[in-house]
Amino acid sequence: MDIHLYNTATRRKELFAPLDPENVRMYVCGPTVYDRAHLGNARPVLVFDILYRLLKTQYPRVTYVRNFTDVDDKINARAAESGRSIGEITAETSQWFLDDMGAIGALEPDHMPRATAYIAEMVEMIAGLIEGGFAYAREGHVLFRVREYARYGALSGRSVDDMIAGARVEVAPYKEDPMDFVLWKPSDDQTPGWDSPWGRGRPGWHIECSAMAKALLGDRFDIHGGGNDLMFPHHENEIAQSCCANGTEQMATVWMHNEMLQVEGKKMSKSLGNFFTVRDLLEQGVPGEVIRFVMLSTHYRKPMDWTEKKRAEAEATLRKWYGQVEGADAGQVPQAVMQALADDLNTPQAIGEMHQLAQNSDASALLASLRLVGLVADGVPAWAAATDADLSAYEAAFSTVRAEAMATKDFSKLDAMKQMLVAAGVEVKMRKDGVDLVAGPAFDPSKLEDL
Ligand SMILES: [Zn+2]
């Protein structure tokens, strides 16, 4: 099956053709570990998780690398203000990240390198850049000479001069040009540092990804992903460093960027009071599958709006689907679902196809599809399993009462039953030949005991 992906670098949807079909290689920029992941951080994780799962159905081997940035000034600041050690903070936060992403069904990548374990590779790459004339050392800093790389700005489609005009570039005395960016910087005694030819210091953020990608995937690989907030300057800088250090035309063949997340139509921010983490939602009782479903309902290249309404609808849909597939054997994933995903990860289309499968009561195809998109792992999740098994019995009872009512023209019993279901938080959807009962977010099974 052909997979088409939108490539930021060419601004086109292209047929995906891996460099080595025996081993597809993908790198995704990972978190800087000093705090809980907010909901927006979960979006690239889920987007590239879907891509990883799709690629694994088509290729014998997929090598997926997602780093942990565990050396960063934000981490140093967190350590200073909390009085805790950097190692303690990064170890704890990395584990939080894995726990929270696991709770929303994300598979772990094949490699999850920590930047601090690749300092030697970074130093080597920086030394090579200096040797090639692409970088220079000044006052304990090493800077990348942006004007030496003619293709700088090609990914985000800007010229260096436009970038200088529009960006808040740091003008520092040790820079030859305001656009030059840091590869290495000096550390004082309070800051983590490593010995290098340029004195004790630490790497800049951008070189971390270039060095880890090279170490684990080689000079060139297939897919590089991240949020579109990383396109400039982070990804431009990664490309410049890697292509100049490795002597390659390209770093990755395909560059993929997901759009950002909003909450109820507004940018999520601490000042607006609509800022929350994945863990906050999980602790409020929002199941991980519901978070995942809501995220997948929007195409990754569109802004995703998290709303209470979508959360409630996702929960109701999943309860219904989980009820349908419970006990079923997974069959084949239908072509229509596969093709939707293969068309630049069109997850909303895939979900549309799954609605169709549910409508047709094709439990085995629905289960296979739920598994493919990571909404079912081992079995139907516990939060959905019990209640739906109950509702199918109520559906049968309701249909019987309805048939009686139609025959006798006495609807009082039917109306009373309907009222009781609605009071218990169940949505009653009449069909020509029966009824669909869907547990809403406020569903309370105890209120059905008298039925
Ligand atoms: Zn990166």
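Arg-25 touches Leu-19, Asp-20, Thr-63, Leu-217, Arg-220, Phe-221, Asp-222 and Ile-223, residues up to four places away in sequence not being counted; contact means heavy atoms within 4.5 Å. The structure is a predicted model, in which local features need pLDDT of at least 70, side-chain atom pairs count only at pLDDT 80 or more, and totals for chains, interfaces and linings use all residues. Residues are numbered from 1 along each chain as its sequence is written, and side-chain values use heavy atoms, with hydrogens and water left out.

Arg-25 is placed in strand β3 (residues 24-28); strands are DSSP runs (E) of at least two residues and helices (H or I) of at least four, numbered from the N terminus. Arg-25 is buried but forms no salt bridge, the nearest side chain of opposite charge being Asp-222 at 4.4 Å. Buried means under 20% relative accessible area (1.4 Å probe, protein chains only), and a salt bridge requires a side-chain nitrogen of Lys or Arg within 4 Å of a carboxyl oxygen of Asp or Glu. The Arg-25 side chain reaches the backbone oxygen of Leu-217 at 2.8 Å and that of Arg-220 at 3.1 Å.

The zinc ion has as protein donors Cys-29 (SG), Cys-209 (SG), His-234 (NE2) and Glu-238 (OE), at 2.0 to 2.2 Å. Donors are N, O and S atoms within 2.8 Å of the metal (3.2 Å for Na, K and Ca). Cys-209 lies in helix α6 (residues 205-217) and His-234 in helix α7 (residues 231-246), 25 residues apart. Cys-209 is buried, at 1% relative accessible area, and His-234 is buried at 1% relative accessibility.

Technical notes:
Buried < 20%, exposed > 50% of the residue type's maximum accessible area, 1.4 Å probe, protein only. Lys, Arg positive; Asp, Glu negative; His and termini not counted. Polar contact = N/O pair within 3.5 Å; in protein donor to acceptor, adjacent residues only side chain to side chain.
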